[in-house]
Amino acid sequence: MEEPRNFSDIDGGHLALQRRCYSPSCREFCLSCPRLSLRSLTAATCSVWLAAYGLFALCQNSMVLSAAIFITLLGLLGYLHFVKIDQETLLIIGSLGIQMTSSYASGKESTTFIEMGKVKDVVINEAIYMQKVIYYLCILLKDPVEPQGVSQVVPVFQSAKPRLDCLIEVYRSCQEILAHQEVTSASS
């Protein structure tokens, strides 16, 4: 297991990539995002509650304060459970498949598994995002009807949005495993 290496996301935020090599055909990449900042959480909560208190002072209705507290708490729980991803993991096992896991701030995990027989290739693609060109890692899935075609493109590390230098490191390892898998299946 290697020490985490620091990278940046497309907005300049900090990311930590930890690479684990279990065997020549099995590697895991954990990309960790910064945790939720207590300072920003407090600032957002205080601004909503101050606005609600201002409305309360104007209309003298206590329902405004109760609604602001209720909406703030529901919004925070929804954000932690459905939006804020703390860690994204890519596990590639040459003989089995690729597993992608997203760990949310609330502790919820979402996992997707793709069988290796369905994987055509792993590539770095580019896209235009907010008036700039960004790069993202994606998995190309084979078309069941036409073997040379691509049926679907599955993006990896969607939440973290790492920069190209981080993606290249993951890409090279994935290509090593895919090449090792082709040699192994060709010799069988």
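A salt bridge here is a side-chain nitrogen of Lys or Arg within 4 Å of a carboxyl oxygen of Asp or Glu. The legends below describe close-up views of a predicted model.

**View 1. Arg20 and Glu28 form a salt bridge across paired strands.** The closest N and O atoms of Arg20 and Glu28 are 3.1 Å apart. That distance falls within the 4 Å cut-off. Glu28 in S3 is also the bridge partner of Arg20. Glu28 is buried, with a relative accessible area of 13%. On the S4 side, Glu28 has Leu91 as its bridge partner. A search of the whole structure finds six salt bridges, and the Arg20 and Glu28 pair is one of them.

**View 2. Six strands make an open antiparallel sheet.** The strand order is S1-S2-S3-S4-S5-S6. Strand S1 (5-8) and strand S6 (109-115) stand at the edges. Each has a single partner strand, so one side of each is left without a neighbour in the sheet. From one strand to the next, the twist averages 20°. Strands of a sheet pair through backbone hydrogen bonds, either parallel or antiparallel.

**View 3. S1 and S2 run antiparallel and are joined by four bridges.** Asn6 stands opposite Ala16 in S2. The hairpin of S1 and S2 has five residues between the strands. Within this hairpin, Gly12 takes a positive phi near 95°.

**View 4. S2 and S3 form a hairpin with two residues between them.** Strand S2 covers residues 14-23 and pairs with S3 in the antiparallel sense. Seven bridges hold this pairing.

**View 5. S3 is largely enclosed by the rest of the structure.** What makes S3 enclosed? Six of its seven residues are buried, and therefore the strand is largely covered. S3 also pairs with strand S4 (residues 85-93). This pairing is antiparallel and runs over seven bridges.

**View 6. Arg35 and Asp86 form a salt bridge.** The closest N and O atoms of Arg35 and Asp86 are 2.6 Å apart. Arg35 lies in the loop between S3 and H1 and Asp86 in strand S4, so the pair ties together parts that are 51 residues apart in sequence. Asp86 is buried, with a relative accessible area of 9%. Salt bridges that share partners join Arg35, Lys84 and Asp86 into one network.

**View 7. Glu169 and Arg5 form a salt bridge between distant parts of the chain.** The closest N and O atoms are 2.3 Å apart. Glu169 sits in helix H3 and Arg5 in strand S1, 164 residues apart. Glu169 counts as buried, at 15% relative accessibility. Arg5 is partly exposed, with a relative accessible area of 42%.

**View 8. Ile177 is buried in helix H3.** Helix H3 spans residues 164-187. Ile177 has 0% relative accessibility, so this residue counts as buried. How far is Ile177 from Arg35? The two are 142 residues apart in sequence and 31 Å apart in space, C-alpha to C-alpha.

**View 9. A nonpolar patch lies on the surface.** Leu36, Tyr79, Phe82 and Val83 form this patch. Together they have about 370 Å² of accessible area. Leu36 is found in the loop between strand S3 (26-32) and helix H1 (38-59). At 32% relative accessibility, Leu36 counts as partly exposed.

**View 10. Tyr53 and Phe56 form a tilted aromatic pair.** A search of the whole structure finds one aromatic pair. In the pair of Tyr53 and Phe56, the rings are 6.0 Å apart centre to centre, with 40° between the planes. Both residues lie in helix H1. Three residues separate them in position, about one turn of the helix.

Technical notes
Residues numbered from 1 in each chain as written. Predicted model: local features only at pLDDT ≥ 70, side-chain atom pairs only at ≥ 80, totals over all residues. Heavy atoms only, no water. Patch = residues over 30% accessible without salt bridge, like charges linked within 9 Å, V, L, I, M, F, W, Y side chains within 5 Å. Areas by Shrake-Rupley, 256 points an atom, 1.4 Å probe, with all protein chains shown as cover. Buried < 20%, exposed > 50% of the residue type's maximum accessible area, 1.4 Å probe, protein only. Pairing = 2+ DSSP bridges. Axes fitted to C-alpha atoms, helices over the stretch in contact; angles between N-to-C directions. Phe/Tyr/Trp six-rings, centres within 6.5 Å; stacked < 30°, edge-to-face > 60°.
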